[in-house]
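Please read them beside the structure.

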Amino acid sequence: MRLTATVNGRARTFEVEARSTLLEVIRESLLLTGAKEACGVGECGNCMVLLDGEPTPSCLVLAPDAEGREIVTVEGLAPEGALDEVQAAFLEAGAFQCGFCTPGMVITAGALLRDQPNAAAGEIKQALAGVLCRCGSYTKVMKAMEKLAGRGA
Amino acid sequence: MKRLREFSYHEPESLEAAIGILAAGGDGARLLAGGTDLVVDMKTGRMRPSIVVNLKRIPGLSGIEAVEGGIRIGALTPVATLQASPLVGQMAAALADAAAVLATPPVRGLATIGGNIGRASPASDLGPPLIVHEAIATIEGPDGSREETVESLYVGPGATTLAVHDIITSIFVPTPAAGFGSAHLKIGARAGGTDIAMVGVSAGVTLGADGRIAAARIVLASVAPTPLRAIAAEQALAGREPSEEAVAAAAAAAAAACRPISDLRASASHRVALAGVLTARVLRSAIARAREASR
Amino acid sequence: MTTTVGRSVTRIDGRDKVTGAAVFGVDLAVAGMLHGAVVRSPHPHARIVSIDPAAAAAAPGVEVIVTGADFPYLFGSATRDQPFLAIDRVRYVGEPVVAIAARTEAEAQEAADLVVVEYEELPAVCDMRDALAEDAPLVHPDMHTYVKGAHVIVPHTNINTLWTFERGDVEAGFAGADLIVEDEFTAHALSHAALEPHVSIAAYDPVNRAYTLWLPTDRPFQVRGELTAALGIPSDKVRLIVTSVGGSFGGKNTLISEAISVALARFAGGRPVRVEFTRQEDLTATSTRVPAIMKLRTGVTRDGSITARSAEALWDSGAYTSNTVGVAIRGSSTIFGPYRTPHLSLVVRQVYTNRATTGSYRGYGTTQVTWACESQMDMIAAALGLDPLAFRLRNGYEEGDPYINEQIMHGVGLRESLERTAAEIGWGEVDRAPAPHLRRGKGIATMLKPTATPTSSNAVIKVEEDGRVTVLVAAPEIGAGQSTVLAQIAADAIGVPIEAVVVPGTDTAYTPYNGPVASSRTTFHVGNAIVMAGAEIREKILAAAADILDRDAGRLDLVDGRIVEDGVPIKPLSELFGGLAYGDGYSITAEARYSSKGSPLLKAAAPYEWMSSIFWMFATHAAEIEVDIETGAVRVVKVAAAGDVGRAINPMACEQQIEGGVVMGISNALFEEFKGSGGRIDNGSFADYKLAALPDIPEIVAIIVESQHAEAPFGAKGIGEPAAAATPPAIANALFDAVGIRILDLPITPEKVLRAIAEKASAEGAG
Ligand SMILES: Cc1cc2nc3c(=O)[nH]c(=O)nc-3n(C[C@H](O)[C@H](O)[C@H](O)COP(=O)(O)OP(=O)(O)OC[C@H]3O[C@@H](n4cnc5c(N)ncnc54)[C@H](O)[C@@H]3O)c2cc1C
Ligand code: FES
Ligand code: FES
């Protein structure tokens, strides 16, 4: 079936199978490989994209459900070669190690700060609870987030 | 990555059309709401539907509104919306509590209240508070619309009284009596408190004008094949002062009523131990809220 | 003149990581590739009676089907015991039996379900203790016929590794003790659970009969060696191109998905084959930490001096030895901890069982033994009425102390790590719990870790005509920041800014040999090679500058990317070669090899020099926890974690390793556990195999101890591995402090805690 959606600001139309997940479409049809699959069942958040602005585990969404909607992936957060505020803060704080979870972390973090620019530490932890990081970059993620939320150095 | 098997996919735009597809599809047909259960079950092989009927193009199935005598929650309303809704917070505190601990925020954005009932997990977070609040589901089927208490829908792990062609369209939560307070608590594996419940408990307490407990409802998750009404525990409270002794008696009765299994998440004996502790804790919160409401 | 070393330089791979541009193994697509899927054994032990692939072969999209009979090779770094695909029998639930390649992954997975395999079940041994029984079923009846290394096996048993070690006179040591304690500890199997699952793409070039693999791995040359040895082909027939690695933790270092992709590629007529394991496969059928049961006996004097220790360690390799032999031996050898122990004895046995293969895991055996040693240190302190910190300090190694093989140890930052973590956690101060059902407690644990010795590393450095410096080393970036740290070392060794340094990904066709990116050895070994090559290239650059600029080489210097004459900058390196005539150019290269072999630092009592380590790492973690005595839930409140890194080349990267290690330690200790019976793992999903998430993470204070090391590049040792080992016993010790209970077998689950609290209460009630 045909799917029309806005992907990182551009209207796109492409062929999908109904049984494809949105994540498969993003990675394999659109060749945007920033979003990752680490669990496939909603537990790790590494596949997070913004769907109509909300962080959504794309491994749980069937492709047809994206019809007519706006998708933003990590690749769409900033123009090529540039970083958005969250990415820049993560880079500076070293809030990543292997970087596999980082796209999901950055996407989820950005949506939180958009809604709650001064989110408290507890709110940050809850909002990011759905993104697993096996390297254990959490401490540095919190450091970056505290700064973005207007606290700390 | 694990790929989904092929199925025939439908996006009906009306309830009638959906019911028609379901009725024709027979046993292999499944409704798709948020997909947070169905898609996972399809990946793990627990379910292999030949027909998937997506409900999300049918208008009017999502949203929360105040209606005569209570609130009406559309079946497709996401859990995140329940959590954020002031109406739910006022009218059904236990449901709001439960919504706030059901999975992590992004999953809450997809997961729906109807899907939670439809999945009928014994560990469900929404079943217990809905039963505590005496919620009633409106169900649309080939023979029209009918109403049933949410409590009566559950028949076993993953099983409801609903037929393949039945669709829950909304849930009605009645306005609680004066002096009513409710709460929900669960314990999962990790500190975040949002993991699938090893044990969950919802309780509702109505305080009479004399300050005694006029009525109580206690429902536990993950300790029986369905959400478990702890009737003996409710009776242990009725007519008593809301004291620590009463709470302890109810907690003991709730623990005694449990019929848990040992599974990947906890052993049966640990569940029983937790059921008592959680029942006591949740009752304290419910009583505190009931006192607030009585003021 | 140091410009980048010691500074928290932004990681050079950082931009690609935060933008999602980094290409991991799972992200790569090679033109024309097929997709693989695996048919796995449902039995722990069975004879394969027949395989009927007909229905699968006829399924849409299927191009290749391979069985063990088609590709009958064995691999294994210690013992060559493991088939690419099961040959005649299966030895664990999940063992690959048939591999299928199809045009799409969905088609391959669907076809895999159509293969019919008939099995005849055999008696299985799924518990390591049972494997020792006289009449235990043998997992490998032909073990004695396998090609293997120097380690000792016991033929016609399940014992695939046997090692004993003794120093001094243990019996005399125990005779001189006032107190002897003996306890048994269990360290459980754990998934590496790298978030990037096992994945590889393999292509076979039928013209040259050569394989190319694209894969995330931390040991390119060792994986290549395993493959060439197994297939009996020379090294030029296998090329490995390493992608970004989405976490390894010791898991991505042997043939796992690679065994399948290679077998399929061999028959795919030149088409590449991609094999990605699902999370379920990754959790249940790849590799885990080697579980261990450790009996530890310790004698101490009344005032707290250790007189003797003896240990018996039993390790479970699972169905194949993989790289467990070194884990069992090297790991066990550190079970006595960082403490002076005059008399000791050790018996190490490792058995085959009908369980999924185990292997190296961050810490290489030290996480297991540290659990035993450090739990018992506290138990002894409690029995003697001593402060656990003082007891450790009293017995702990100091600079210049001999190790158990009599190697003289240098760069011993143990005392400082103990004292600083204790101070940070507020040792001895009692924190009030915030509610009646909560209790607080503090605990400390420490450990030492050798690095793989002797090993070697090579570096080739090229300076291009625009002055950019390419550092060719086979040190894949596994997330620990090695590319940045190595670039820093190169920048300072040569005298150029770090922006001018490029560390390309590893490609065995071009990058020179390196030992594994493991054992926390990279900074030290590769760093040393870079320092040497860097010094040489610096000289060559200055000679070229003298030539081009017509100056006296003796007066020139290279500072921060500029050619300097008598302290005055005269030319940026980036412009030095620019003005040459078309066709005239420079590409300056230097190469160097560092090997720890033969270092005088390794001298020890014969024949135990192999136990020496070119450097020793020390790590101490102090934890404060809160226990809910009604639910048994343990919450970690704070961890102070010190790592003795020698010298922090990049303090931020060190902190990342320390913090990440604590997170992994918390996760390992409190949440992670395989569930199932009969050799079957039932929790093959992150829904039921839980990893720590942000709400579980306490305040973590990383403390960097810099003990300096004479033979190290800028004094730097290593950090990555020891970082995870001390957290679990620190938590267990804090639990004892909080509620007086002792859990001897990991993990520390709420259920065990609640039971132990109840048992203690009833014992006290009775007594
Ligand atoms: C990571 C993760 C964590 C989770 N954690 C929790 C948790 O903590 N607590 C908890 O309770 N649940 C949890 N769940 C389960 C799930 O999110 C909830 O049960 C959710 O409410 C299901 O809703 P859905 O809309 O996604 O259902 P779907 O997956 O769309 O449907 C579930 C089932 O209900 C049926 N169904 C759907 N809508 C209707 C309807 N209107 N009428 C009749 N039948 C219908 C479907 O056919 C299907 O069988 C978790 C899931 C994930 C992936
Ligand atoms: S891959 Fe989607 S949540 Fe893990
Ligand atoms: S940085 Fe490796 S998983 Fe998060």
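1. P747(C) is found in the loop between α17 (727-739) and α18 (750-766) of chain C. Helices (H or I, at least four residues) and strands (E, at least two) are DSSP runs, numbered from the N terminus. This is a predicted model, in which local features need pLDDT of at least 70 and side-chain atom pairs count only at pLDDT 80 or more, while totals for chains, interfaces and linings use all residues. Residues are numbered from 1 along each chain as its sequence is written, chains are lettered from A and ligands numbered from 1 in the order in which they are written, and side-chain values use heavy atoms, with hydrogens and water left out.

2. A cis peptide bond also runs from A606(C) to P607(C), with omega near 0°. P607(C) lies in the loop between β27 (588-595) and β28 of chain C.

3. Strand β28 (residues 616-628) of chain C holds A623(C). At 1% relative accessibility, A623(C) counts as buried (buried means under 20% relative accessible area, exposed over 50%, partly exposed in between, with a 1.4 Å probe and protein chains only). Leaving out residues up to four places away in sequence, A623(C) touches I425(C), G441(C), K442(C), G443(C), K638(C), V639(C), A730(C), I731(C) and A734(C); contact means heavy atoms within 4.5 Å. P220(C) is 403 residues from A623(C) along the chain, and their C-alpha atoms are separated by 37 Å.

4. Most residues other than glycine have a negative phi, and most peptide bonds are trans. A103(B), which is not a glycine, has a positive phi of about 55°. A103(B) lies in the loop between α5 (93-101) and α6 (105-110) of chain B and, at 22% relative accessibility, counts as partly exposed. H156(C) is not a glycine either and has a positive phi of about 65°. The loop between α4 (128-131) and β9 (159-167) of chain C contains H156(C), which is exposed, with a relative accessible area of 54%.

5. Is helix α1 (residues 22-29) of chain A mostly covered or mostly uncovered? Of its 8 residues, 6 are buried, so to that extent α1(A) is mostly covered. The buried residues are L22(A), L23(A), E24(A), V25(A), I26(A) and R27(A). They pack against β2 (10-15), β3 (48-51) and β5 (70-72) of chain A. Just after α1(A), L31(A) takes a positive phi of about 55°.

6. The axes of α2(A) and helix α5 (residues 138-148) of chain A come within 9 Å and cross at roughly 130°. That makes α2(A) oblique to α5(A) (under 35 degrees counts as roughly parallel, over 145 as roughly antiparallel, 65 to 115 as roughly perpendicular and the rest as oblique). Axes are lines fitted to C-alpha atoms, for helices over the stretch in contact, and angles run from 0 to 180 degrees between N-to-C directions. From α2(A), E85(A), V86(A), A89(A), F90(A), E92(A) and A93(A) meet K140(A), V141(A), A144(A), M145(A), K147(A) and L148(A) of α5(A). By class, this contact of α2(A) with α5(A) has 8 nonpolar, no polar and 4 charged residues (Ala, Val, Leu, Ile, Met, Phe, Trp, Tyr, Cys and Pro count as nonpolar, Asp, Glu, Lys and Arg as charged, and the others, Gly among them, as polar).

7. In chain B, helix α11 (residues 244-257) packs on helix α12 (residues 268-294) at an angle of about 140°, with the axes 8 Å apart. The two helices are therefore oblique to each other. The contact of α11(B) with α12(B) has 10 nonpolar, 2 polar and 2 charged residues.

8. Over all chains the structure holds 17 aromatic pairs (rings of Phe, Tyr and Trp, the last by its six-membered ring, pair if their centres lie within 6.5 Å; planes under 30 degrees apart count as stacked, over 60 as edge-to-face and the rest as tilted). The rings of F100(A) and F24(C) have centres 5.2 Å apart and planes at 85°, so this pair is edge-to-face. F100(A) lies in the loop between α2 (85-93) and α3 (102-115) of chain A and F24(C) in the loop between α1 (14-19) and β1 (34-40) of chain C, so the pair joins two chains. F100(A), at 0% relative accessibility, counts as buried.
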